[in-house]
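Have the model open while you read.

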Amino acid sequence: MNQTMPSPRPDRIKKLLADLVAFDTVSDRSNLPLIAYIESYLAALGVSGQRIVDETGQKASLWVTIGPEDRPGLVLSGHTDVVPVAGQNWTQNPFALIERDGKLYGRGTTDMKGFVAVCLAMVPEMVEAKLTTPIHLAISYDEEIGCVGVRPMLREIAKRSVRPLGCFVGEPTEMKVIIGHKGKHGVRATFKGLARHSSIAPDGVNAIEYGAELITEIRRRAVQLAAIGSQDSLYDVSHSTLLTSIVHGGAALNIVPDHCAIEFECRGLGITESRQVTDAIVAWAKAEIEPAMKKRHPDCAIDFTEILDYPAIDTQADAAIVTLAKKLAGRNDHAKVAFGTEASLFASMADIPSVVIGPGSIAQAHTPDEFVEMSELEKCGDFIAKLIAHCAKTES
Ligand SMILES: [Zn+2]
């Protein structure tokens, strides 16, 4: 890397993206080698970051400030983990970047190492610009398993006296300004029944049949949410959704099943609606199903465990961060998306107004032969260049 004569921006982006993609950071692996790579890249530019290490010591997020530490800044946020490639039909090595017809192929190119590469590629320009409003990089882990890894970092930031002005989460939106997404709460219900030979079925407690009562109630409530729940026409599916996704149970045709596990999720419009909906279902099952099972045998029960939880985000269309995002992106429109992001946690945990805006399309995320178009990364580079100009002149 040559600080005095930086290579052209597209070359810098491609080189960084190739390096980032080469780290296998599927969510169940350590991301520390990638974090160390970013730290040494930044150190060469005279920039240091703060590592926030998880309890296993195997993963870390990185909080970086370029510009004055004592003023409220603007955050660029991305995650380092990627979804697995196992079982997917890749026609290339997923961890070796390949360029073909203006597209860059590799795991994480669109979700979302492409964005992280652009942010890093723009650091020399951030350093050069003598920022008066700081720019922060918030680089997290374990996003793909339920926006887990960003939370310790946000708890840190929330404690500080100087709070950022806003955050851009660079998930793939084709550089559209996204002001809202639904929240999600996932629950596993484990029904413990009593096994018996099926010829004496009435002596057993059929875990699957009690589970079916829960599934029917979930379905009834889903229909109700669609019919009389709140609506938001900015979403493709304008109401909150609720469904059973997984059922496991039973061992053999001639055994009364003593085990049934059911997983269900709600995606809610309101900030905490998804959790409220699933909490109400858990309470209903505890009151309506479990006593009937226990009456048959006291050891029978239903256990509920949370699988996943993140709130919705609903940034007001006239919020300053939305206006700024539109100005920097050179567009006047905004939208809402179906997929969840860390933006909702920046807003709910640290009170940082946030929008989602990043290069590439969600259509390519999580797919074999994932790619991002180079033109998207360049658009993102332009966005950050304008952000740098904004932060170099704005007095905060
Ligand atoms: Zn992502």
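**Strands and helices at a glance**

Gly57 takes a positive phi near 75° in the hairpin of β1 and β2, which has six residues between the strands. This is a predicted model, so to speak of local features a pLDDT of at least 70 is needed, side-chain atom pairs count only at pLDDT 80 or more, and totals for chains, interfaces and linings use all residues. Residues are numbered from 1 along each chain as its sequence is written, and side-chain values use heavy atoms, with hydrogens and water left out.

- Strands β1 (residues 49-53) and β2 (residues 60-66) run antiparallel and are joined by five bridges. Two strands pair if DSSP finds at least two bridges between them; helices (H or I, at least four residues) and strands (E, at least two) are DSSP runs, numbered from the N terminus.
- Look across from Ile52 and you'll find its bridge partner in β2, Ser61.

- An open sheet has its three strands in the order β4-β5-β16, paired antiparallel. Its edge strands, β4 (98-100) and β16 (371-373), each pair on one side only.
- From one strand to the next, the twist averages 25°. For angles like this, axes are lines fitted to C-alpha atoms (for helices, over the stretch in contact), and values run from 0 to 180 degrees between N-to-C directions.
- β5 (residues 103-105) and β16 run antiparallel, with three bridges joining them. One of the pairs to look for is Lys103, whose bridge partner in β16 is Glu373.
- Helix α11 (residues 374-393) packs on the sheet and touches β5 and β16, with its direction at about 60° to that of β16. Contact means heavy atoms within 4.5 Å.

**Strand β8 and its two partners**

- β8 (residues 178-181) pairs with β14 (residues 335-337) in the parallel sense, over three bridges. β8 also runs antiparallel to β13 (residues 313-314), joined by two bridges.
- His181 is worth a click: its bridge partner in β14 is Val337, and it stands opposite Ile313 in β13.

- Just after α10, Asp351 takes a positive phi of about 60°.
- α5 (residues 150-159) packs against α10 at an angle of about 35°, with the axes 9 Å apart. The crossing is right-handed, a label used when the near helix is turned clockwise from the far one by less than a right angle, with anticlockwise giving left-handed.
- From α5, Val150, Arg151, Leu154, Arg155 and Ala158 meet Leu345, Phe346, Met349 and Ala350 of α10. Those contact residues divide into seven nonpolar, no polar and two charged. Ala, Val, Leu, Ile, Met, Phe, Trp, Tyr, Cys and Pro count as nonpolar, Asp, Glu, Lys and Arg as charged, and the others, Gly among them, as polar.

**Helices α1 and α3**

- The axes of α1 (residues 9-22) and α3 (residues 109-121) come within 8 Å and cross at roughly 130°. That makes α1 oblique to α3; angles under 35 degrees count as roughly parallel, over 145 as roughly antiparallel, 65 to 115 as roughly perpendicular and the rest as oblique.
- α1 passes α3 in a right-handed crossing.
- The α1 side of the contact includes Ile13, Leu16 and Leu20, and the α3 side includes Val116, Ala117 and Leu120. By class, the contact has 10 nonpolar, two polar and two charged residues.
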